[in-house]
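Here is a brief report on a predicted model.

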Amino acid sequence: MKTIDAFFLPANILENVTEWRFQQYEDLRLRWPVLDADHIKTICAHLREQRAQLLNTPVADIVAAISKTAHTLHGQLHDIARDLSVVTGYSVPVVTQTLEHMLRDWGAASLQTMLRAELSDERMLDHAVPDPVVPGKHVAAFGYPLALHVFSGNVPGIAVTSLIRSLLAKSATLGKTAAGEPLLPVLFARTLHAVAPHIGASLAITYWPGGSEQLEKTAGAEADVVVVYGGDEAVRAWSDYVQPGRRLVVHGARVSFTVAGPAATREDAAAIAGAVAAYDQQGCVSPHVLYVVGDFERARSFAHDVSESLAELAQLQPLGRLSAAEAVAIRNARTAAEFSSDADLFGDDDAGFSVIAERDPAFRGSCLNRVLYIKPVASADDVASLLPARDYLQSAGLAGFSIDDAERIARQLGLAGVTRVTRFDQLPWPPMHWHHDGAAPMRELLYFQDVES
Amino acid sequence: MTAPAESLRKQILAAMQRRDFSLDDDAFNDLALRVFEFQFTHILPYRKYCERRQVQPGRVPHWLQIPAVPTAAFKEAALVAGDANAAQAVFLTSGTTQGQEKRGKHHVLDLELYDASLLPTFARFVLAYRKQMPIISLVPEWQPGGTSSLGYMITTAMRELGGPESGFAVTEQGIDYEQLHDWLHDAINENTPVCIAGTSLAFVHWFDHLRANNLSFQLPARSRVMDTGGFKGLERSISSAELEDAYAELLGIGSKYVINEYGMTEMLSQYYDAKLPNAAQHAPKQGPPWVRFAVVDATTLEPLPPGETGLLRHFDLANLFSVSAIQTEDLGRTVEAGFQLLGRAAGAPPRGCSIAMDMFLSAVQP
């Protein structure tokens, strides 16, 4: 039995801990201290002190330290993927693929591009720089002293990306991990601390059960900025804890979809299969539906091609462990398709995926875990009117359109609320510099200072 | 009806009418395999379902190997061995509060088979073989054309087993408290035990009313409750322990006489808490011998050993003219002499940052 300390906390906190929480996963056990509100206050005070070192570090050095951390983690990829697989339930190849993409995102080149895309000159995080547009004006960017990041879900890496942005903003940061993936943020913090102690000391990471009111009230009141990932319910609870006037950044749950145009090919079918298999379709950028321009026959033919690719992927990157409720949800989706006269089901009971060709073009939320709906539309111009409420839309994948058509459709989808349009194969892998949920995620963590001449 | 079907029906009816309430495993298996052959031949969507899984009659030696249809199938297709238009009743599954979801349909060609199953089962598990007991229903009376399978069941039990003091304490507006309380006072005055039957939710609403008006009853000894159903998708929920306390506090009915029924629209036979006549703590659910269950792994659908939690699957001979092998979404585990019901395996929240189907339905509602 291996026990991993799934927290990264200042040593003086642990001296005062009398109770521990354990979570068992197969042959692995995670351990956390049971904290009270006073612990949280002490942690926050400690972090505020540590921030002085972060403020004295040029952003270029922070980028270099993070990049080196990613490189070190890459060297341990095999072991990390194995442990993350046990904890999250994703298969080892699925975790490995996700980690490889994420670790690339955390490299120096990717981080620099992100900073430049959002700030034009990242040195404004160190000192005021000339405004590129307004002559004589200088601009500096400051992070808030203490940030609280509250994570959810179990897609590995999303939490770490969030912590990285916070470090680049030079905010000391308390991260509350999600029950579904409480491990990688801690491994990141620990490795960063080994690489660059003066930077790593500005992080504290731990887990407590979501909804622990005293802890969350205290943490929410202490923080100068709060970043919350999660569903409507969690977001509502946290918004009550944030001090009036302070910033709350929310990344709610969202859905994505794809549209195959007249020129879409067998390769495009394979690419969408990849997007469905990536982290078992659990991400906000994972497609629920593929709209195929054409008739039901073309949708069926696409469904056949997608299911062949998903069958291959089921061997290479198997579907993860399912809860009983997930298994039931999949079976219900399959049963509905199998017994309906207006749908066709592809994929056997034990295939580890389901592709459902359906005549009804209405958008349908998938139960996920590699269940894709494929629906015909007479014209791609119809798609925007079929989508659900804009608040829940994320990305759209397009393939098989002329440039002119793609631009027109992207415009329609943008008006409907879609914040990202991309290729099928890129759908699950938004770059570090993306406008996450249509916002500028780095800028959201900052306030700007104009220095006028 | 074809001659083989008629003969099969007669044998099933005979099994239900046996006074010793028994049917040995071999006899059950033999009937189940013949029922499968009949249903495979006469229910085209079921036949396709079996053929897709390469199972056909004559190739399976045991009823557990007969493909079980997930209850969701009843929402999509008429699973009926004969003319759906000739159904004597069409029972519908309850919708959720969202009202968006399709409702499952059970076309019942032969209500006599339903009666033959439900009456001895009710007599055995709820009345514990008392000849008659007034049944007071919180569920509306079933009328021809009615779609509530529970309504039909209680109406039939009341007619055949309830005696003249029975009645429906419901109007179109809901429970008729005045009528209900009158009957209960009568029962107390005459010291006649009664059986009150209804959904758990109806009891909860009634109890809210009793508490609000500072009312309670001390019903005659051996009075009992038959409750059923959970609180899925409903605005009011309560734990079964709280409910049990309320039965004792507000009606004077101890847990020995609170019989929870487990049934479903898609299946004509029912299971009950096997508490009477000799109460067992944590009584398991038991059914009549013509319905059998298994607990299977939620993903692989392979049977699980006793004690392990999985999904309940049933094979109900009373479903002769629909599908007998039913795969449910209900969690349970096999215990000695029956099973324990552990809730529903539904409404899985997504593990990542996407939105799953159920949440999505509520999310996009105006």
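## Salt bridges

Over all chains, the structure holds 40 salt bridges. One of them joins A:Arg254 to A:Asp437, with the closest N and O atoms 3.3 Å apart. This pair links distant parts of the chain, 183 residues apart. A:Arg254 sits in the loop between strand 10 (247-252) and strand 11 (255-260) of chain A. A:Asp437 lies in the loop between strand 17 (420-422) and strand 18 of chain A. Both A:Arg254 and A:Asp437 are buried.

In chain B, the side chains of B:Asp110 and B:Arg9 meet in a salt bridge at 2.4 Å, N to O. Here too the pair links distant parts of the chain, 101 residues apart. B:Asp110 is in the loop between strand 3 (105-108) and helix 4 of chain B, and B:Arg9 is in helix 1 (residues 3-17) of chain B. B:Asp110 counts as buried because its relative accessibility is 9%. B:Arg9, at 10%, counts as buried as well. Elsewhere, salt bridges that share partners join A:Lys2, A:Asp27, A:Arg82 and A:Asp83 into one network.

## Chain interface

Contacts between the chains involve 32 residues of chain B and 43 residues of chain A. The two chains bury about 3,100 Å² between them, 61% of it on carbon and sulfur atoms. The rule finds 2 salt bridges across this interface.

B:Arg53 and A:Glu338 meet through their side chains in a salt bridge (2.8 Å, N to O). The pair crosses between chains. B:Arg53 is in the loop between helix 3 (44-52) and strand 1 (69-70) of chain B, while A:Glu338 belongs to helix 14 (residues 324-339) of chain A. Both B:Arg53 and A:Glu338 are buried.

## Helix 6 of chain A

Helix 6 (residues 108-119) of chain A has 12 residues, so at 1.5 Å a residue it should span 16 Å. Its end C-alpha atoms are 16 Å apart, which agrees.

The buried residues of this helix are A:Ser110, A:Leu111, A:Met114, A:Leu115, A:Glu118 and A:Leu119. A:Ser120 follows the helix, with a positive phi near 65°.

## Nonpolar cores

The largest nonpolar core has 122 residues. B:Tyr46, B:Phe122, B:Trp206, B:Phe207, B:Leu251 and B:Leu317 touch the most other members. Helix 4 (residues 111-125) of chain B gives the most to this core, with 9 residues. Apart from it lies another core, of 100 residues, including A:Phe7, A:Leu28, A:Ile40 and A:Tyr90.

Note on methods:
Residues numbered from 1 in each chain as written. Chains lettered and ligands numbered in written order. Predicted model: local features only at pLDDT ≥ 70, side-chain atom pairs only at ≥ 80, totals over all residues. Heavy atoms only, no water. Helix = DSSP H or I, 4+ residues; strand = E, 2+ residues; numbered from the N terminus. Expected span 1.5 Å × (residues − 1). Buried < 20%, exposed > 50% of the residue type's maximum accessible area, 1.4 Å probe, protein only. Core = buried A, V, L, I, M, F, W, Y, C linked by side-chain atoms within 4.5 Å. Contact = heavy atoms within 4.5 Å. Buried area = accessible area lost by both parts, 1.4 Å probe. Salt bridge = Lys/Arg side-chain N within 4 Å of Asp/Glu carboxyl O.
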